[in-house]
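Please read the points below with the model open beside you, and look up each residue as it is named.

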Amino acid sequence: MSYTIKKIAEVVNGKLLQFHQDVAIENLLLDSRKTYAVSSSVFFALKGIRRDGHRYISELYKKGVRNFIVSSTPDILMFPEGNFIYVDDTLAALQQLASFHRKQFDIPVIGITGSNGKTIVKEWLYQLLHEEYTIVRSPKSYNSQIGVPLSVWQINQQHTLGIFEAGISRPEEMQRLEKIIRPTIGILTNIGEAHSEGFTSSTQKLAEKAKLFAHCNKIIYCKDHTVPEHLDIEGEHRDLFSDKAAFFSWSKHYPAWLKIIDVKKENNQAIISAVFNESDISIDLPFTDDASIENGITCWCTLLALGFKHTMIRSRLMLLQPVNMRLELKKGINNCTIINDSYSADLSSLKIALNFLNQQGNGDKKTVILSDFLQSGQEDEALYRQVAFDLYSYKVDRIIGIGPKISTHLSFSFPDDNYQPEVHFFLTTAEFTRHFLSSAFKDETILIKGARVFEFEQIVQLLEQKVHETVLEISIDAIVHNLKEHQRLLKPETKIMAMVKAFAYGSGGAEIAGVLEYNNVDYLGVAYTDEGVELRKSGITLPVMVMNPEENSFDAIIDNNLEPDLYSFEILRQFDELLQREGLLQYPVHIEIETGMNRLGFAPEEIEKLADYLASSGTLKVQTVFSHLAASEDETEDDFTKQQFIKFQQACSLLNSKLKYPFLKHISNSAAIIRHPDMQMDMVRLGIGLYGIDSANTGIANLLPVATLKSTIAQLKNIKEGESVSYNRKGIVNRDSVIATVRIGYADGYTRRLGYGNGKMLVNGKAAPVIGTVCMDMTMVDVTDISNVKEGDDVIVFGAQLPIQQVATWAGTIPYEIMTGISQRVKRVYFEG
């Protein structure tokens with residue numbers, strides 16, 4: 001279903017500022033970096049705290065977008081072919097349009113809210129119900145004020161059931177989401193601590209979430225979450241819900257429609273016994289963790305409430321698959337990059353994956369390996385016409401289709417005869433692997449996306465660069481989250497220089513820089529020239545400051561358009577002389593001022609002489625002036641920090657008076673962003689905070705750990721009391737013990753200081769102490785007190801469950817050293833979601 005631009009203007013109560021021609025709109029565009037099917041897209045110029053979509057209208061117009069919804073009047077004369085609709089609030093207009101679209105469809109819709117588990121329950125309900133219904137659902141975790149409209153916009157005439165998430169963080173948000181989703185069936189997963197800061201009490205939080213169920217005729221919830229919070233949904237707080245709503249509750253402890261009697265965990269399964277309608281029933285779930293059990297019971301209740309027979313429910317619950325909510329980015333063979341999405345194949349997730357492919361491409365050849373789309377509910381011809389259109393819209397260079405349906409329909413469906421991608425088809429995954437040639441894949445980005453039954457994991461293994469089983473997992477979402485958390489603390493006009501020195505604190509310089517560039521940071525900072533050169537080779541175009549330039553690297557700096565930090569008269573004159581010899585004028589440079597760190601920088605008494613030199617130079621153009629705070633994280637050193645700031649302001653004032661042109665000033669590092677908001681100036685340098693570490697331990701910013709270092713158990717040994725482990729016989733066991741040899745050593749960056757019981761690793765979620773000396777490639781841990789340990793099991797070296805700060809404390813160092821010490825032979829795996 002599509003709407004003309006005139007119809008959209010009517011729906012959103014907008015005014016047509018300029019009308020060029022009426023076109024059918026099929027796609028909603030919110031992000032200038034994710035242009036897609038531009039001729040049938042309308043851009044909503046959303047305004048945020050730091051970003052204003054109106055700034056990107058010109059860029060989008062150049063890309064071919066012609067339809068815009070705005071709340072500020074642009075210079076219409078610059079866009080003669082544009083259609084412009086003016087509204088008071090572009091976000092409200094987006095929500096109005098999605099709400100209108102929802103009203104065109106009379107289908108059952110499940111609305112899910114709660115503090116945790118929304119996405120898992122949604123994805124499992126899809127697995128359980130897709131044979132009976134053609135389902136439209138929220139992509140990934142699209143449950144916000146922006147995500148919900150985009151999710152609901154997907155509904156079309158083929159769909160017979162909708163499943164949508166709704167998440168809120170403050171009062172008055174849910175009412176707007178209810179008007180968009182209009183669920184007929186409601187699921188409340190729980191009322192937990194997540195996003196509680198915007199509410200005065202659990203009752204207020206429940207009252208807000210209950211607004212999602214205003215028109216529901218069934219509501220599924222767990223009493224074990226509500227009763228302890230004194231929330232009586234079917235009694236005292238019944239008036240929060242629709243009069244026509246029927247409740248379906250479950251509980252382990254209180255009377256409920258589904259009363260859980262027992263949960264047994266054995267052989268990687270949970271056997272759950274319950275009473276329903278005075279009858280004993282049971283299910284088996286292929287999971288044993290408490291969160292999965294709870295989510296599985298919620299799905300069980302939903303199917304019972306929908307009237308499905310228990311025999312069918314029981315058989316399908318046993319077949320539930322884990323929900324992989326992330327796109328993995330891996331290094332591949334022959335300088336390829338692999339995007340692993342080998343878990344699902346549907347239209348909504350295809351667009352998300354293609355967006356991710358576009359983000360990572362950096363101009364490389366783009367290849368997509370795609371399976372048949374199963375249980376889509378659409379006729380094959382129409383389905384693969386849409387798939388072909390999506391691939392065409394993202395200008396995919398090579399398409400490898402696997403499966404009988406995609407092989408039959410895709411090649412005849414491309415919308416433009418001039419679009420001639422390289423196309424290959426195979427009936428099965430096995431056929432593809434038989435014909436696989438590693439030499440056929442080189443210098444390209446490859447998206448691997450397929451339904452689970454096609455077992456595309458085999459293809460991932462063929463294309464993945466072979467390294468040993470220790471990996472550093474990097475969460476792209478966590479990086480972006482941490483960036484936004486720090487942005488939240490800044491004035492809107494304050495710029496950000498993101499520090500990606502030391503291989504982005506061990507996380508991977510080029511990969512992380514690409515994410516930061518995509519998310520509109522203003523500057524990048526590296527330690528040495530070769531790091532900046534690698535960024536340029538990877539296609540990074542942001543300005544890059546080199547903090548430790550050397551004379552022998554000046555040519556590389558100029559060749560790659562890097563910007564040196566000039567911190568002494570010696571290096572200043574050396575670089576200036578080179579620029580004069582090359583005949584270069586106004587080259588961008590940065591000036592470092594010494595204010596108390598006593599490392600690098602011009603001393604206060606040198607500033608006047610420096611100012612005179614720079615003012616008379618025609619070759620140098622100062623971009624920024626900066627200094628380093630020595631102890632911004634330490635409350636006891638705040639007086640010293642303030643003195644540094646005063647010295648820096650005085651130096652900047654003198655430089656400003658002589659240079660007669662503006663330059664940016666920056667002194668704040670990660671800790672100062674949080675602890676010293678008065679020192680923001682024109683720009684801040686965000687370093688370790690970007691990677692989830694609050695060095696001041698303030699808790700003010702809700703930072704997420706970015707990196708998880710994982711390995712595996714190579715071997716288990718049963719040894720007797722008195723025997724020794726590792727070199728030098730310094731690890732003596734005082735009882736019969738089980739020792740696990742883990743595939744990580746000091747050559748991987750696991751320091752020897754963590755040996756002899758100083759460090760611990762997590763095995764099956766429990767701490768296992770290191771025993772004996774850390775070896776070059778192996779480390780031994782004592783797993784005697786941990787049950788069900790097997791060779792090949794994962795071991796967490798640090799991550800969300802074992803913070804890197806704790807590992808650093810055990811090692812007698814700081815998290816910076818642990819992060820930057822992870823060796824390059826450890827594979828980096830980047831994932832989104």
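**Notes on the predicted model**

1. By the rule used here, the count comes to 2 cavities of 30 Å³ or more. A cavity is a set of points, on a 1 Å grid over the protein atoms alone, where a 1.4 Å probe fits but cannot get out, and lining residues have an atom within 4 Å of a point. Grid points are joined across faces, edges and corners, and a volume is the space filled by probe spheres set on the points. The model is a predicted one, in which local features need pLDDT of at least 70 and side-chain atom pairs count only at pLDDT 80 or more, while totals for chains, interfaces and linings use all residues. Residues are numbered from 1 along each chain as its sequence is written, and side-chain values use heavy atoms, with hydrogens and water left out.

2. The largest cavity has a volume of about 40 Å³, and its lining is made up of Leu 709, Gly 749, Tyr 750, Leu 754, Val 797, Phe 798, Val 807, Ile 818 and Ile 822. By class, this lining holds 8 nonpolar residues, 1 polar residue and no charged residue. Here Ala, Val, Leu, Ile, Met, Phe, Trp, Tyr, Cys and Pro count as nonpolar, Asp, Glu, Lys and Arg as charged, and the others, Gly among them, as polar.

3. The second largest cavity has a volume of about 30 Å³. Its lining consists of Glu 592, Ile 593, Glu 594, Thr 595, Met 597, Leu 600, Ser 627 and His 628, which divide by class into 3 nonpolar, 3 polar and 2 charged residues.

4. Strand β39 (residues 794-798) is mostly covered, since 4 of its 5 residues are buried; buried means under 20% relative accessible area, exposed means over 50%, and partly exposed lies in between, with a 1.4 Å probe and protein chains only. Strands (E, at least two residues) and helices (H or I, at least four residues) are DSSP runs, numbered from the N terminus. Strand β32 (residues 707-719) runs antiparallel to β39 and is joined to it by 4 bridges, two strands being paired if DSSP finds at least two bridges between them.

5. β36 and β37 form a hairpin with 2 residues between them, and Asn 764 in the turn has a positive phi of about 55°.

6. For the protein as a whole, there are 26 helices and 40 strands. The radius of gyration is 29 Å, close to the 28 Å that the globule rule gives for 833 residues, so the protein is as compact as a globular protein of that length; the radius is taken over C-alpha atoms, and the rule is 2.2 Å times the number of residues to the power 0.38. The C-alpha atoms fill a box of roughly 90 × 85 × 65 Å along the principal axes, and 54% of the 833 residues count as buried.

7. Where does Ile 155 lie? Ile 155 is placed in the loop between α5 (147-152) and β10, and at 2% relative accessibility it counts as buried. Leaving aside residues up to four places away in sequence, Ile 155 touches His 101, Arg 102, Phe 105, Ile 107, Val 136 and Phe 164, where contact means heavy atoms within 4.5 Å. The C-alpha atoms of Ile 155 and Arg 102 are separated by 7.5 Å, although the two residues are 53 residues apart along the chain.

8. Two further residues deserve a look for their backbone angles. Glu 172, in the loop between β10 (161-165) and α6 (174-181), has a positive phi near 75° while being a residue other than glycine, and it is partly exposed at 48% relative accessibility. Ser 726, in the loop between β33 (724-725) and β34 (731-732), likewise has a positive phi of about 75° although it is not a glycine, and with a relative accessible area of 21% it is partly exposed.

Terms used:
On a 1 Å grid over the protein atoms alone, a cavity is a set of points where a 1.4 Å probe fits but cannot get out, and a pocket is an open set with protein on both sides within 12 Å along at least five of seven lines; lining residues have an atom within 4 Å of a point.
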